[in-house]
Each structure stands twice: as C-alpha cells, then as structure tokens.
Amino acid sequence: MNAAEREFTAYTGSEALEHIVYSASEIADRVARMGADIAAAYPRDADVLLLGLLKGSFVFLGDLVRQIRRPLQVDFLVASSYGKGTKSSGIVELLYDPRAPMAGRHIIIVEDIVDSGTTLNQLCGGIAARDPASLEICALLHKRIAPDLEWEPRWVGFDAPNEFLVGYGLDQAEDFRHLPFIASLRT
Ligand code: PRP
C-alpha cells in the first residue's frame with residue numbers, strides 16, 4: 001500500500017484502492033488563488049454576499065471565505081438532486097432558502113462541483129429574479145460535460161475528470177465528505 005492509499009484508508013476504514021485526484025495541499029493552493037481573484041474582482045465598497053450551496057460546498061466555502069481579504073457576508077442555499085444514488089435525479093429540491101436580502105447586492109453562488117449543470121440551471125434563475133446587482137458562480141470543480149449550462153461559473157478551481165469524485169465536501173450517499181482531499185470512487 002502506498003502513502004496515498006494509506007491516507008485514504010485512514011479516513012474511510014476501507015481497503016479499497018482509490019485514486020487521490022487532488023491532494024489537500026493542491027486544493028489549498030488553488031483556493032488561496034481563487035480567494036485573491038474574487039477579492040480583486042469587486043470595488044472595495046461593493047456589498048458582496050456569498051451563498052454556499054449545501055451540503056457539498058461546506059468545506060470549500062469555509063476555506064474560500066478565509067482567503068477573500070475584503071468585507072463580505074455569507075448565507076446558504078440547501079439543495080439536493082442526487083439522493084442516495086450516483087446519478088442526478090434531474091429534480092433539484094430547495095430545502096433552505098436564504099433569508100438574506102439580495103436586491104442590489106453582489107451575489108456569488110459557491111458550488112463544490114458542476115456536473116450535469118442541473119443544480120445551477122434550476123437555482124440561478126430564481127436568484128437572478130431577486131434583482132441582485134450582479135450574480136456570479138464560483139465552483140471548485142467543473143467537469144465541463146454539462147450539455148446546456150445557462151450559468152457559466154466565473155471562477156473555477158479545477159477542470160475535473162468525469163469520474164465520481166468524493167471528499168472535501170463531496171459525498172457518495174453521505175459518506176466521504178470529511179476527506180481533506182478529493183478522490184475518485186469506483187462506481
Ligand atoms: C451535488 C453537488 C453539486 C451538484 C452538482 O449536490 O454538491 O451541488 O450535485 O451536480 P449537477 O451539476 O449534476 O447538478 P447534491 O445534489 O448531491 O447535494 P449535496 O450538495 O447535499 O451533496
């Protein structure tokens with residue numbers, strides 16, 4: 001067993017040989033650059049609100065906001081489309097709607113991964129209808145396979161392989177969200 005496999009097994013308890021796609025340090029370096037890019041994109045007095053799309057973005061959001069050296073506020077969207085399966089059901093359920101006002105504010109939706117694009121396509125229209133000053137998307141991972149993505153992320157961490165990815169917030173049937181790295185799961 002090599003070092004990567006030992007680290008995986010420590011978190012999962014599984015002997016399954018999984019492939020680490022992005023290490024914790026690779027992610028940290030990229031998130032730091034994304035935070036600097038976002039900070040530089042808005043005037044100092046802009047009213048910026050980050051909306052973390054839960055549950056998957058919870059680790060990314062926590063790391064990202066600490067790399068954005070400018071005033072901002074944070075709220076959440078809770079949506080789910082995958083249930084316990086590994087394929088999107090195509091129906092995105094909004095389980096929590098943020099209370100924060102959005103009119104006239106600069107909104108950034110923070111997403112862990114853009115896969116089929118269903119989640120963003122179904123949620124962004126509703127946010128745009130609340131009359132924000134601007135609406136942008138920041139995604140850690142983008143598979144670039146969404147056939148009709150209506151809302152393209154302005155900031156992307158990595159162009160990700162078309163594999164089932166877990167860790168750093170991403171789950172498979174609620175497991176593996178706590179891995180500090182991103183790994184490919186055999187399905
Ligand atoms: C996953 C992931 C993204 C979305 C991406 O969320 O966290 O939000 O799917 O897939 P898509 O581009 O095909 O829509 P999920 O619905 O599994 O909920 P979760 O965030 O609670 O894991």
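Across which strands does helix H2 (residues 24–41) lie? In this predicted model, helix H2 lies across S5, strand S6 (134–142) and S7, and its direction makes an angle of about 160 degrees with S7.

The strands in question belong to an open sheet of 6 strands, arranged in the order S4-S3-S2-S5-S6-S7 with mixed pairing. Strand S4 (93–96) and strand S7 (155–159) form the edges of this sheet, each of them pairing on one side only, and neighbouring strands are turned against each other by 25 degrees on average when direction is ignored. Within the sheet, strand S2 (residues 48–54) and strand S5 (residues 106–114) pair in the parallel sense over 5 bridges, and Leu51 stands opposite Ile109 in S5. A further helix, H4 (residues 118–128), lies across S2, strand S3 (73–80), S4, S5 and S6, running at about 170 degrees to S5.

The loop between S4 and S5 contains Arg105, which has a relative accessible area of 7% and is therefore classed as buried, the cut-off being under 20%. The side chain of Arg105 is joined to that of Asp47 by a polar contact of 3.1 Å, and the Arg105 side chain also reaches the backbone oxygen of Pro101 at 3.0 Å. When neighbours within four places in sequence are left aside, the residues in contact with Arg105 are Asp47, Leu49, Gln73, Ala100, Pro132, Ala133 and Ser134.

Methods
Residues are numbered from 1 along each chain as its sequence is written. This is a predicted model: local features need pLDDT of at least 70, side-chain atom pairs count only at pLDDT 80 or more; totals for chains, interfaces and linings use all residues. Side-chain values use heavy atoms; hydrogens and water are left out. Two strands pair if DSSP finds at least two bridges between them. Helices (H or I, at least four residues) and strands (E, at least two) are DSSP runs, numbered from the N terminus. Axes are lines fitted to C-alpha atoms, for helices over the stretch in contact, and angles run from 0 to 180 degrees between N-to-C directions. Contact means heavy atoms within 4.5 Å. Buried means under 20% relative accessible area, exposed over 50%, partly exposed in between (1.4 Å probe, protein chains only). A polar contact is a pair of N or O atoms within 3.5 Å; within protein, one must be able to donate a hydrogen and the other to accept it, and residues adjacent in sequence count only if both atoms are side-chain atoms.
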